[in-house]
Amino acid sequence: MDSRTVALIRTTFKAVAAEDGGPEKLARSFYSILFTDYPGIRDYFPAAMDSQRERLVSAIGYALDRLEEPDKLLPFLAQLGRDHRKYGVQPAHYVAVANSLKAAMREFAGTEMWTDEVATAWDEGLATISGAMISAADKETTPAAWSATVVERREVLRNLAVIRVQLDQPMQYAAGQYLSVQIPARPRMWRYLSPANPANANGEVEFHVRSVLGGWVSPAMVSHTAVGDQWLLGSPLGGLGVPRNTKRKMLMVGCGTGIAPLRAQIMAMAQRRVNPKVHLFVGGHHPCDLYDLQVLSQLAMANKWLSVTPVTESDENPWWYYESGEPQGDLPGLEPRMTGQIGKVVASYGSWADRDVQIVGSPSMVQTTKFRLMAAGTQAKSIRHDPLF
């Protein structure tokens, strides 16, 4: 697409998104048009659409911001195309989605902004996006979804469980990526989880799952998962991964279950002969949220290139946390625990200008940490985080 086409698409989308409640209104309008004009498509979606609407706008925004960067956009679209195979999506569905999105945009942009030239630009942009997704799906030879059997469920906290599954056949994913997961109790309600271990020939995957208050899926995963349950897993997604450059140092920052994709990468790196120095900050609200320190201690002891600094916002555990009373042994290989907001703590160390940076956690944590690092002198191009996870 030429620069004029890209500018027209981006301008109209940003104008709609900038309105008060614009992204939510656009998503609601899009799905209303889609389900009205193509009622058969409704069966592909869950009953509760909140999460679906949020991800739609995030995905559109991410794609439109990279229309002039095919080296970043096309791999992203290819991943989405491969992942959408699990729904049974056909080329005709892409046409329906494009028509509905264009109609929703036209409705909100108004006749003054929505000119024939803008309409043509959107036709070209949506054709490019759907074409890349369809092409990737058509070329893929792996399963549309993997079946997995739960082989272990271990409660770590009252709202957090470690769940291991055994795939029906091995899956190749890059350490640091994430997978869409569907459980029997919540059909068509896919949620995204990062494996905490690298891909292996045995097809074993470990997930760290925290229950989100008011959530539809995560509470069921944490509280009601049983050994023997059958899960479905979609194709791997995400841009995080172990860099090939073994000389440039790394900074990793993870909060809560955000430690999972970072730990997977460290485990993958431990299988290589040469690695750069890695400094990992692992954070939580309370000391008990640092549930994986024992494993991180073992990794730090076995790999001298790894430094691990625990960070908590409070020195006290919450009232509901039960402590056994048994003395807790020291965990060797770890730096002394710091207290404070993790982004502020990490930025206090300096600019980290010599590091490739990865940040994993809640959207607010990722953005806050990113802005603090940039203010301290870290270049934006050196910071990576997944846009949709």
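**A bent helix and a parallel sheet**

Modeller: Helix α5, residues 91-113, bends by about 60° at Glu107. The bend is the angle between axes fitted to the seven residues ending at a residue and the seven starting there. Helices (H or I, at least four residues) and strands (E, at least two) are DSSP runs, numbered from the N terminus. This is a predicted model, in which local features need pLDDT of at least 70 and side-chain atom pairs count only at pLDDT 80 or more, while totals for chains, interfaces and linings use all residues. Residues are numbered from 1 along each chain as its sequence is written, and side-chain values use heavy atoms, with hydrogens and water left out.

The buried residues of α5 include His93, Tyr94, Leu101 and Met105; buried means under 20% relative accessible area (1.4 Å probe, protein chains only). Its buried residues pack against α1, α2, α3, α4 and α6, where contact means heavy atoms within 4.5 Å.

Now the sheet. It is open, with 6 strands in the order β10-β9-β8-β7-β11-β12 and parallel pairing. β10 (338-339) and β12 (383-384) are the edge strands, each pairing on one side only; two strands pair if DSSP finds at least two bridges between them. Strands β8 (residues 278-284) and β9 (residues 306-312) are joined by 7 bridges, and Phe281 has Thr309 in β9 as its bridge partner. Helix α8 (residues 259-269) packs on this sheet, touching β7, β8, β9 and β11. Helix α9 (residues 293-302) also packs on the sheet, touching β8 and β9.

Note on methods. Buried < 20%, exposed > 50% of the residue type's maximum accessible area, 1.4 Å probe, protein only. Axes fitted to C-alpha atoms, helices over the stretch in contact; angles between N-to-C directions.
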